[in-house]
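Reader: Please show me the structure, and then take me through a few of its features one at a time.

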Amino acid sequence: MIGFKRYIFLIVMALCSACQQNEKARTIPVDDFFKSQDKIAYRLSPDGKYLSYLKLQGTEQNIYIEDIATGAGKNVTSLGDKRIVFYFWVSNNELIYYKEVDAAKSQSDVFIIDKNGGHQRQLLSSDKSRLKVLDDQLIDNKYLLVSSNKRDSTVFDVYRLNVRNGNMEMAARNPGNIVDWRTDADGKLRLAMSSDGVNTTILYRNQESEAFRPVLTSNFKDTFRPIAFSHSKPNIIYAISNVNRDKSALVEFDCNTGKELKNMYCNDTLNITDAQYSRKKQKMSFVVFETWKKEKHFLNDSVKLFYDNLDKLLPKTETRIFDKDNAENVFILRSFTDRNPGSYYLYFANTGQLRKLSDFNSSIHEAEMCEMKPVSFTSRDGLTIHGYLTLPLHQKAEHLPVVVLPHDGPGDRNLWGYNPEVQFLANRGYAVFQINYRGSSGYGKKFVAAGFKEWGGKIQDDIYDGVQWLISRNIADPKRVGIYGTGFGGFIALNGLYLNQGTYACAASNAGVINLFTYLKSIPPYQKPNLQMFYEIIGNPLTEVDRMRQASPLFQTDKFNAPVFVAQNIKDPGNNSGETIQFVKNLKKRGISVTYLENEGDTIFGKNQESRRKFYTTLEEFLNINLKRK
Amino acid sequence: MTLGKKGGYRKNFLLILTFIGLMSVLFLLSLGLAYRFSTKYVENDFASEKVNVLEQSIKPYNDFFQKKLPEVSYYNGYLDSATASHFVDTVQLEYPFVSKVIFYDSEVGNTPVSDGLNIGKFSFGPKNIYQFGSLVPNDSIQLFSRKNKRSFVVGDDFNALALKLVSYLESLDTTHVPSQDELFSAFSNVRSNKITYLNIPRIEDLKIYKEMIRKNLDPKPVYQQDMLSFQLDPYKIKIINSRPKLYQFIKIQPLTYDPLETSEAYLSTEITLPGPFSDFKLYFMSSKSFLDKEIRSYFWPIALAILVFYSILVLVAFLIYRNLNINQKMFKLQYDFVNNLTHEFKTPVSVIKIAGNNIKSAASLTERELGMYGRILDEEADKLNGLMNKLLAFTQIENKAIELNRDEINVHDFIESTVESHRLKHPDFNLSYEVSGFKTFITDPVLLGSLFDNLAENAYKYSPAERKKLHISARLIKGKVVFRFTDQGIGIPASEINNIFKKFFRIQNQYNQNGSVGLGLAFCKELVNFMKGEITVKSRVNKGTEFKIVLPYND
């Protein structure tokens, strides 16, 4: 009898251990998380008959055009190792594309080409100037309205670009302070925005023959973003504005009087970040607001019906529309969730049919990914701080090693959705904690302003308070909290190591800002008008030297006491690579364990697979030694 | 024979004397060498350790040069007089050899400057010049400004580095990222007692600077550059004497310093300081008597080691001498034994010879004579045979050449037969015995018999005529067989009691003038040992002796 019991016990044990084996999450190779697709940047021809995308074949990337009805298609370019930065249709027959010349300086040559690959012409050579397209419709079937800084690298003038011969004729000369130009539905240049760096002024004219006159001046802390001209009344524009309120709203604005006419959608708790105008219906379709994820409020029923139908076809996913034809019948959209990078689809509104184009990343299986949960906590001064917590799969949410992942800045934020970096870390067994610290966008202008000049100050406190909150809930193991970030995220990570001594077991910084002076110095010449604004956000290097020195890790190497991982791209123009090397040297002289990784490509945007793999493998090893095994 | 022995002793003595003599010479020689070695070593150290002193003393300067100086660049040209002053304060606190700092708050641009450097369309000139330092009076901190030039001339320091910057820009290859070292050397100027450093701009800015030499850029760009000129005082370098026992005095002296009155009593050496201090040197001086202490500190341990080594050698020599001495005594004993044995053999041999001669020379022998000679020959041959057997048995036992027989014997009968045979031999021998506790035991009867015979023979031999008595007792005590042989003989003096079991040992007295070889008791001991037993002796002079034999009881 006893022998029989023991036999059963053994079987149960064996089953249990087998179960546990299954329960353990598979370690997914680094590359799988970040895999780039071979088909990206889907676009539709204006008549909705052709589908175009950038197709990667080997190392070569070309524009590929496909007949939607027949499925027949071909490459229309042959670019060798050059990349296409951006492209769009200008007519049913022609496309314009930007060929990359220097990625670091965002310089490109601009070409126009027929949809069958013929008649390729260069419209602009890089020559250090940049070209922005103001309106992607052709005027008189040959003119394109563009802005360029070819006259003066610091200002953008408006030109009428003849796509037939490449001639550029100035349409409006920038007096020196115009930072943006807008056209109306007919492609007429009737709105401009000027800036003295701190204040933005909206300039308006009734007709192109008139002179611009100022209608509204707002501080850079305010948002006033024109979305579209009203179809019926030429002096009315729709804009997203938070002038005189904390949260942005969609408003109707009278350019003649400079007054807000009405609130089209507004809420004390919701912050409108985007709005969609339908050219076909000549109406506003919906507004987008950000809570813990992007949500839509529909301004007319037919749009609501359209999206309801989509929700039925793609349940429990978020969808984004990337392109549509002029008739608003054919759409290109992408679906995604936090655990699924999603797929691209072609959607036919008239039939309600959905055709899958490609997966965003077919290596990712939803079941192996981790849920990204919105969380919030209260900071020491009473502010509600939102964030996301991603827990590793099949593990009890207790006493976990945590990687705090502050986002880049200034003015950025984390949003719900598939994030390969977060999923990579969670797959390696870490709880990943993202915090939308003060200064992050999407929570109203007070929240953004609360972060001004608080680098190394209250921003750091928010991160610290978040970690304490996580520890108090027994999710985090207080001895195994690490911090890692890119850009300003790296800055926060390094700051955390010496401003909150003992909180973090280690810190990793990728292309991190280590010196605020250098950061201000690196602002490119064409952004010089904004310098005063950067002084307000970051700090004034002339009057606040002490505070900025306190906040810059480079000056504080004497206070570091934990292992550091520093990665940098030595060709990154925003950074002074010599300073980072000096920083690493100074740390090493003090006997701090420093892992230093240098690359010449671009790890942030994931173009260089080899260096990206190296970076994440090193990060994994660094965290494994300094965090997990502690 | 005696002479030979004496000669042997004398030879040994001479050898020992020579040995000790040579050893002493060697000892003194090695001490001398050790002392010379220590002196040389210390002198070498004196010449070579200065590098370490230099290295440690100059470490703060290297730190300043490698760590603090680049900090100027961290400000990216944003340094103003207040921050610069604060920066200089921290520098002076940490690095006392920085005596004064001149701060050139400068601009790079396309507009020509009247003070500064204009090359092509590139201009580089100071906006303001300040000086900071603990000895700078408050009213003369600002030396120069564009509005108020006072009488200050921008000067050599600024121009030298500005020229260096321009020539670097001229040769700058904009397609490559310049290395840190390259930049550092281009943006710093090290001269005598002075380091001038210009903040290193970003590579992007350098490329624009290069362009600015050739053409006017639009709009006219202006870049901030901070140049700091650090005046250094070499006398404020803190000397770290890492070998205070080696160097009595270390001073910083000009390179030309060479005192005339270098007396014989002092040892000196020097090493030039690096970088901006290259006009100065570290001058090291120690008196000879000061160095002697250091030399001794090296010498004593070596001397001690030599002494220990020498002592061990002498000890070994003594032990060898002692062993030789013992061997010599053994040789003497063996010699005596051979002497005795020869004597022992001689008597029966001469008796046999006489008997043989008598038989040969006699014309006829009577019946009585025949009987007598026959008996004599037989007895003497037995005697010889006995002697030879004894010798043979002893050698065999000593070499463990025989094997132990194991027979059961009746103790009573065994002792009875021994006693009987001795009574027959010596009618005046009064023998008695007792047995208690056991009746039989297993042993080798031949060996045991031999043991009994020897002890009984000894008891008879070493007893005065009136007290020839022996009492043998056999008992079983705690699982062991114990035999006691108690006589009332002459006894053994306490001083000799330890020697009686040694080979060839005989106590010199009237009882053993003849017929004894000194083998008996040694033989007994060997026998008992062979039988895995023990033999001990208790004795009082003129009262008697008791031998106690303990044998294992193998039942």
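Author: A:Pro410 sits in the loop between β30 (400-404) and α4 (420-427) of chain A; helices (H or I, at least four residues) and strands (E, at least two) are DSSP runs, numbered from the N terminus. This is a predicted model in which local features need pLDDT of at least 70 and side-chain atom pairs count only at pLDDT 80 or more, while totals for chains, interfaces and linings use all residues. Residues are numbered from 1 along each chain as its sequence is written, and chains are lettered from A and ligands numbered from 1 in the order in which they are written.

Reader: Which peptide bond is cis, and what is its omega?

Author: Most residues other than glycine have a negative phi, and most peptide bonds are trans. Here the bond joining A:Gly409 and A:Pro410 is cis, with omega about -10°.

Reader: Is A:Lys453 buried or exposed?

Author: A:Lys453 counts as buried, with 20 C-beta neighbours inside 10 Å. A:Lys453 lies in the loop between α5 (445-449) and α6 (458-472) of chain A, and its phi is also positive, near 55°.

Reader: How do I read a sheet?

Author: Strands of a sheet pair through backbone hydrogen bonds, either parallel or antiparallel. Chain A has an open sheet of four strands in the order β13-β14-β15-β16, with antiparallel pairing; two strands pair if DSSP finds at least two bridges between them. β13 (178-183) and β16 (213-219) of chain A are at the edges with a single partner strand each, so one side of each has no neighbour in the sheet. Five bridges join β14 (residues 189-195) to β15 (residues 199-204) of chain A, and A:Ser194 stands opposite A:Thr201 in β15(A).

Reader: How many residues does each chain give to the contact?

Author: Chain A gives 20 residues and chain B gives 15 residues; residues are in contact if their C-beta atoms, placed from the backbone, lie within 7 Å. On the side of chain A that touches chain B, α11(A) has the largest share, five residues.

Note on methods: Contact = placed C-beta atoms within 7 Å. Buried ≥ 20, exposed ≤ 12 C-beta atoms within 10 Å, placed from the backbone.
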